[in-house]
Amino acid sequence: MGDMVESLVRARGLVKRFGGYTAVDGIDVDIAPGEAFGFLGPNGAGKSTTMRMIGAVSPPTAGELRVLGMDPAVDGPAIRTRLGVVPQTDNLDLELTVAENLLVYGRYFGLPRATVRARAAELLDFVQLTDRAGDRVEPLSGGMKRRVTIARALVNDPDVVLLDEPTTGLDPQARHVLWERLYRLKQRGVTLVLTTHYMDEAEQLCDRLVVMDKGRIAAQGSPAELIAAWSTREVCELRFPLTEGGPGPAAHADALAPLAARGLAERVEVLPDRLLLYTGDGDAALSAVLAQGLQPVSSLVRRSSLEDVFLRLTGRTLVD
Amino acid sequence: MPGPAAWSLFLQRLTAHRHYWRSSAIGSVLEPVLFLAAMGLVLGSLVDRGPGVPGGVGYLAFLAPGLLVAAAMQTATGESSYPVLGAIKWDRTYEALLATPARPVDLVAGHLLYVAFRVTSSAAAFLLVLLAFGAARSPLVVLTVPVALLTGLAFAAPVTALAARLEEDAAFAALQRFLLVPMFLFSGTFFPVEQLPAVLQGIARATPLWHGVTLARDLALGTVSAGPALLHVGYLLLWTAAGAVLAARALTRRLVR
């Protein structure tokens with residue numbers, strides 16, 4: 001315990017089993033105040049289960065868990081008083097209006113009516129829904145419902161906000177609006193803990209993240225650290241014509257072996273539809289490929305992303 | 001034991017109810033008017049021309065308090081079946097509430113508080129109709145409202161427990177068809193259970209509805225006595241308490257896992 005600042009969330013060897021199925025398989029996590037912390041991983045990696053344990057609504061099977069210095073198994077209500085939760089599926093009260101959803105929710109935290117009223121007005125302004133305050137929730141768009149859910153999660157002025165897949169199912173424009181709002185929250189010093197299977201979301205929002213796969217943590221660090229540790233600076237993506245019965249990307253990979261031998265590519269990943277050349281200099285690698293006589297139908301040189309980190313760590317892509 | 005979050009849920013449900021209280025209020029008045037007119041007055045005139053119901057009261061006076069309680073059973077069951085499963089599974093509002101300091105036991109208590117409100121207000125409307133029909137024989141008739149409340153809760157609590165265990169809503173239709181409708185017809189609302197064969201009489205007397213109907217009738221007709229009344233109340237409270245405990249347990253198992 002050399003930490004100067006006490007962790008808001010601290011897990012050691014945290015395990016969750018459902019019958020014979022192990023959803024979370026012994027993870028260690030420390031989340032510091034004011035940080036935006038992410039759990040990145042594909043569906044079924046154990047992210048949501050971890051979030052539910054942190055949210056004090058799912059008792060751990062084994063291991064140690066402290067949230068805000070308390071034990072969720074004992075102090076559940078006291079912990080939840082100081083959390084804001086944005087679940088994966090919106091669970092607003094569809095029989096109520098937008099404003100009523102916030103006002104009614106605030107009462108569960110034992111807040112005075114006037115306080116809730118003032119905060120609700122402020123939060124509706126924050127999520128840009130003041131003009132919809134009196135509307136029923138039901139007919140709102142997915143993005144708007146999400147924003148109501150986020151406003152509701154903030155009604156108790158939480159120390160930590162848990163966001164489970166905050167933008168899944170939203171169109172790109174709605175996602176950007178949400179990211180911008182979450183970024184503002186982060187700037188106000190609110191601790192954000194989020195799960196996502198979108199690497200761009202993780203890169204945009206997270207100061208630090210863990211990559212989860214099959215209930216375990218495969219790696220952790222800042223997005224930049226993870227990319228530096230597990231990938232190359234650049235990636236050259238090559239697509240070859242896919243003809244029925246013709247050579248697949250794997251066959252072309254063999255042709256690229258000499259490149260790797262000459263140090264132009266550190267690693268070659270074969271995906272069903274394309275080849276990824278991991279390299280320090282993508283343009284140089286591409287020139288070498290063309291000089292080799294290979295003729296990809298398209299090519300793309302880009303910076304490495306967390307998607308590449310995940311691929312390297314697990315051999316699979318994040319979104320199948 | 002339930003805490004303050006139960007009250008918050010009660011207020012939440014009340015806020016939702018405000019959006020459609022008019023149609024619900026109209027139903028609470030219209031239904032007793034129709035039933036008491038068709039069965040109490042019209043059918044009753046036939047019954048009263050024959051040997052009539054025991055005790056020498058008119059059929060309307062016999063029927064009305066029974067129907068008041070049977071309506072409470074329907075209201076309470078309706079509020080505790082689909083809406084509870086919906087709050088767990090479809091709209092997931094209970095999930096949202098469990099992210100606050102609220103616990104499953106608070107949700108059960110808050111839900112039952114709301115059912116209590118719904119049953120009491122409908123029973124009060126029914127009582128006004130009953131009085132307007134001149135079906136009361138004793139001032140104690142006002143106590144049929146708390147009896148309706150107790151009977152409503154004796155159904156609401158176990159049905160909530162059932163809803164908390166269900167994956168599909170098909171069981172509610174079966175509950176209605178195979179338990180509630182037979183109970184409604186054979187548990188003393190329309191005729192004394194003494195008319196039934198002995199075996200069926202025993203079954204009828206075991207239902208919470210029979211206890212509620214019998215007590216309400218004794219009050220409305222002024223024939224109540226303390227011993228049996230306490231027994232009826234105790235039996236209804238037993239169903240409520242057992243149902244509430246099972247409901248809290250089922251909700252915990254379902255949502256806190």
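Visitor: Which residues in helix 9 of chain A are buried?

Guide: Pro249(A), His252(A), Leu256(A) and Leu259(A) are buried in helix 9 of chain A, where buried means that 20 or more other C-beta atoms, placed from the backbone, lie within 10 Å of a residue's own, and where helices (H or I, at least four residues) and strands (E, at least two) are DSSP runs numbered from the N terminus. An α-helix has 3.6 residues a turn, so residues three or four places apart point the same way. The model is predicted, with local features requiring pLDDT of at least 70 and side-chain atom pairs pLDDT 80 or more, while totals for chains, interfaces and linings use all residues. Residues are numbered from 1 along each chain as its sequence is written, and chains are lettered from A and ligands numbered from 1 in the order written.

Visitor: What covers the buried residues of helix 9 of chain A?

Guide: The cover includes strand 11 (267-270), strand 12 (275-279) and helix 10 (282-291), which belong to chain A. Just after helix 9 of chain A, Gly263(A) has a positive phi of about 80 degrees.

Visitor: Which residues have the most contacts inside the largest nonpolar core?

Guide: A nonpolar core is a set of buried Ala, Val, Leu, Ile, Met, Phe, Trp, Tyr and Cys residues joined through C-beta atoms within 7 Å. In the largest, of 155 residues, they are Leu162(A), Ala64(B), Leu68(B) and Ala148(B). Apart from this core lies another, of 17 residues, including Cys236(A), Leu259(A), Leu264(A) and Ala265(A).

Definitions and conventions: Buried ≥ 20, exposed ≤ 12 C-beta atoms within 10 Å, placed from the backbone. Contact = placed C-beta atoms within 7 Å.
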